[in-house]
Amino acid sequence: METADRRRWEDLWADYNAFYGRKGETALEPAIVDATWTRLLDDTEPVHGLLALKDNIPVGLAHVVLHPNLIQRELTCYMQDLYTCTEARGTGVARRLIEAVCDHCRAEGVADVYWHTHESNEIARRLYDRVARNTGFLVYRIKPLSSEDGA
């Protein structure tokens with residue numbers, strides 16, 4: 001991604017977040033969107049973004065975080081976000097983004113890629129079940145900086 005991609009990235013990012021219920025009153029604050037964009041363009045950050053283009057128009061995105069893993073020497077890649085716009089679904093965009101993430105990881109010497117999705121995301125899961133192994137792990141979350149108790 002480069003600076004000129006900001007507006008088109010932001011549209012996809014907003015659609016992705018809306019898909020997961022972050023819209024209207026629960027939409028990400030503009031400061032978070034700005035910080036995310038800044039991090040994606042900062043070579044010193046361990047995060048990277050990829051855009052899928054069709055006819056020079058972004059139709060999908062992937063965001064990854066490279067980080068150490070305590071059970072191997074090589075870095076690990078967490079694909080935090082993967083999104084394809086509605087019009088491009090079923091055309092192979094998501095698969096190509098996953099392949100591009102893997103290519104990026106190979107170039108960086110990263111040993112593996114992992115991600116999670118909501119159990120109800122059946123369409124995406126059909127692809128994921130073909131290209132990767134479901135490890136069976138569940139995701140739990142606690143927010144230590146808020147008053148939420150995690151229950």
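**Helix pairs**

Colleague: Is the crossing of α3 and α4 left-handed or right-handed?

Modeller: Helices (H or I, at least four residues) and strands (E, at least two) are DSSP runs, numbered from the N terminus. A crossing is left-handed if the near helix is turned anticlockwise from the far one by less than a right angle, and right-handed if clockwise. By that rule, α3 and α4 cross in the sense called right-handed.

Colleague: What kind of model is this?

Modeller: Numbering starts from 1 along each chain as its sequence is written, and side-chain values use heavy atoms, leaving out hydrogens and water. Local features need pLDDT of at least 70, side-chain atom pairs count only at pLDDT 80 or more, and totals for chains, interfaces and linings use all residues; the model is predicted.

Colleague: Which residues of α4 make the contact with α3?

Modeller: Contact means heavy atoms within 4.5 Å. α3 brings Ala94, Arg95 and Ile98; α4 brings Leu127, Tyr128, Arg130 and Val131.

Colleague: How is α1 placed against α2?

Modeller: The axes of α1 (residues 6–19) and α2 (residues 30–41) come within 12 Å and cross at roughly 125 degrees. So α1 to α2 is oblique.

Colleague: Which residues of α2 does α1 meet?

Modeller: α1 passes α2 in a right-handed crossing. From α1 come Arg6, Trp9, Glu10 and Trp13; from α2, Val33, Asp34, Thr36, Trp37 and Leu40.

**Sheet and rings**

Colleague: Which strands stand at the edges of the sheet?

Modeller: Two strands pair if DSSP finds at least two bridges between them. Four strands form an open, mixed sheet in the order β1-β2-β3-β4. Two of them have a single partner strand each, so one side of each lacks a neighbour in the sheet: β1 and β4 (112–114).

Colleague: Which residue in the hairpin of β1 and β2 takes a positive phi?

Modeller: β1 (residues 47–54) and β2 (residues 57–67) pair antiparallel over eight bridges. Lys54 has Ile57 as bridge partner. Two residues lie between the strands, and the one with phi near 55 degrees is Asp55.

Colleague: In β3, what is the bridge partner of Leu61?

Modeller: β2 and β3 (residues 76–84) run antiparallel, joined by eight bridges. For Leu61, the partner in β3 is Tyr83.

Colleague: Is the pair of Trp13 and Tyr16 stacked or edge-to-face?

Modeller: Rings of Phe, Tyr and Trp (its six-membered ring) pair if their centres lie within 6.5 Å; planes under 30 degrees apart count as stacked, over 60 as edge-to-face, the rest as tilted. That rule gives eight aromatic pairs. Trp13 and Tyr16 have ring centres 5.6 Å apart and planes at 10 degrees, so the pair is stacked.

How values were computed:
Axes fitted to C-alpha atoms, helices over the stretch in contact; angles between N-to-C directions. Parallel < 35°, antiparallel > 145°, perpendicular 65-115°, else oblique.
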